[in-house]
Number of protein chains: 2
Amino acid sequence: MTDIKGGVNQLFLREEELRQGMELLFYAYREFTTEADEILAGIGFGRAHHRVIYFVGRHPGITVSELLAILRITKQSLSRVLGELVRQDYITQATGERDRRQRLLTLTAKGVNLERRLSETQRQRVAEAYGNAGAEAVEGFRKVMLGMLGENDRAKFDVAKFGMVEKPPHRFGDRRR
Amino acid sequence: MTDIKGGVNQLFLREEELRQGMELLFYAYREFTTEADEILAGIGFGRAHHRVIYFVGRHPGITVSELLAILRITKQSLSRVLGELVRQDYITQATGERDRRQRLLTLTAKGVNLERRLSETQRQRVAEAYGNAGAEAVEGFRKVMLGMLGENDRAKFDVAKFGMVEKPPHRFGDRRR
DNA sequence: GAAACGTGTCAATAAGGCTGACATAAAAGC
DNA sequence: GCTTTTATGTCAGCCTTATTGACACGTTTC
């Protein structure tokens, strides 16, 4: 095997490796969503409802604009979905205290319940994959995944833990800077 | 710290860990698709076109039903997208030789070109993430991702390498079993 | 020769995005 | 105090991508 041939083969293997990574993402994401989709379909909701319920559950008291920033959709798109969820009593809106223009979003008991049902299968799937792969592999998984995010999203995982939304964590009572 | 308290905390940490995994998938997938989406929008195509171009490029001579099995959409959905791609000369259809009902799909030069443009940024993103994380982390990433797939999809990665479609690799000339 | 298969197509429907325009109340700036 | 900006909501219309159901045509298989 000559140098050139080896080099070409290297390149080929590398491209193959990268494409496998891309496809893993594609298939894993699909696998990840389909189960919840079925539950959602049963109650007349779609994936968009799930995302809203998920992130409101994750960040109780989140504002509409924070939610929009996470989801990266327009307020018109969110409005339809969020409206349904509020009307059907999955989510409550409370007027913000420091800023009364804000509508702080929180899951109702009904909402918490649905959130549980929806993410249960997903958490199980991740738990299984984590368990089978082992702690070291999980560390690698995280490293790689974090590396694929943009600056903005990555920041959510650096310090952000336990339910805060953006860089300034949910503080109560101080807003002026 | 009592046993009970420790146990609860353990559970909490575990749930947090799993949710972070779920969110990594969500954000990574979105990050992964947006760049290509912009290119696609520029030529009047959508994400669906990308998927078709990608998998036809990956499996030259793939049949319509094999493609449907990969994408898991209906033939009516595929038809529109595939039709556009064929009409605009990104993909050619050739009548199968052993089975003349089949339309074997292949990228044209134009199609190969577009495929390159589209997946280039994605490959780069994966390459960077892989490079920064290191070989060991990549191994972990793969392990975890494979663990999240269903049996069916996982099989594509076990033996499947270098462009074959399903379990029976693309053979020429034997179809009867 | 009949049944099954691979593919294509017509029609209607739904989900979930988008843009643009406009409205209202509250906060912030001067 | 008056003006501007911000947070939110809503109406209207459009697009993409998916669905189901029905039907057609040529080909293969039994």
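**Helices, chains and DNA strands in a predicted model**

Helix H2 (residues 47-58) of chain A packs against helix H5 (residues 109-133) of chain A at an angle of about 110°, and their axes are 10 Å apart. That makes H2(A) roughly perpendicular to H5(A), a description used for angles of 65 to 115 degrees. The axes are lines fitted to C-alpha atoms, for helices over the stretch in contact, and the angles run from 0 to 180 degrees between N-to-C directions. The crossing of H2(A) and H5(A) is left-handed, meaning that the near helix is turned anticlockwise from the far one by less than a right angle. On the side of H2(A), the contact is made by A:His50, A:Ile53, A:Tyr54 and A:Gly57, while H5(A) contributes A:Gly111, A:Val112, A:Leu114, A:Glu115, A:Leu118 and A:Ser119. Residues are in contact if their C-beta atoms, placed from the backbone, lie within 7 Å.

This is a predicted model, in which local features need pLDDT of at least 70 and side-chain atom pairs count only at pLDDT 80 or more, while totals for chains, interfaces and linings use all residues. Residues are numbered from 1 along each chain as its sequence is written, and chains are lettered from A and ligands numbered from 1 in the order in which they are written.

Chain A as a whole has seven helices and two strands, and along the sequence these follow the pattern α-α-α-α-β-β-α-α-α. Helices (H or I, at least four residues) and strands (E, at least two) are DSSP runs, numbered from the N terminus. Of the 177 residues of chain A, 26% count as buried, a word that applies if 20 or more other C-beta atoms lie within 10 Å of a residue's own, whereas 12 or fewer make a residue exposed and those in between are partly exposed, with C-beta atoms placed from the backbone.

Chain A also touches chain B, in a contact that takes 42 residues from chain B and 42 residues from chain A. On the side of chain B, helix H1 (3-42), helix H5 (109-133), helix H6 (135-148) and helix H7 (151-158) each supply at least two residues, and the largest share, 13 residues, comes from H1(B). By class, this side of chain B has 22 nonpolar, seven polar and 13 charged residues; here Ala, Val, Leu, Ile, Met, Phe, Trp, Tyr, Cys and Pro count as nonpolar, Asp, Glu, Lys and Arg as charged, and the others, Gly among them, as polar.

We turn next to the DNA. DNA strand C is surrounded by 23 residues, of which the closest are A:Gly46, A:Ala48, A:Thr74, B:Ser65 and B:Gln102; a residue is near a strand if its C-beta atom, placed from the backbone, lies within 6 Å of it. The largest share of the surface near DNA strand C, four residues, comes from H4(B).

One last detail concerns the backbone. Most residues other than glycine have a negative phi. Phi of A:Arg72, however, is near 55°, a positive value, and this residue lies in the loop between H3 and H4 of chain A. A:Arg72 counts as exposed because it has 10 C-beta neighbours inside 10 Å. In chain B, phi of B:Arg72 is near 55°, and B:Arg72 lies in the loop between H3 and H4 of chain B.

How values were computed: Parallel < 35°, antiparallel > 145°, perpendicular 65-115°, else oblique. Contact = placed C-beta atoms within 7 Å.
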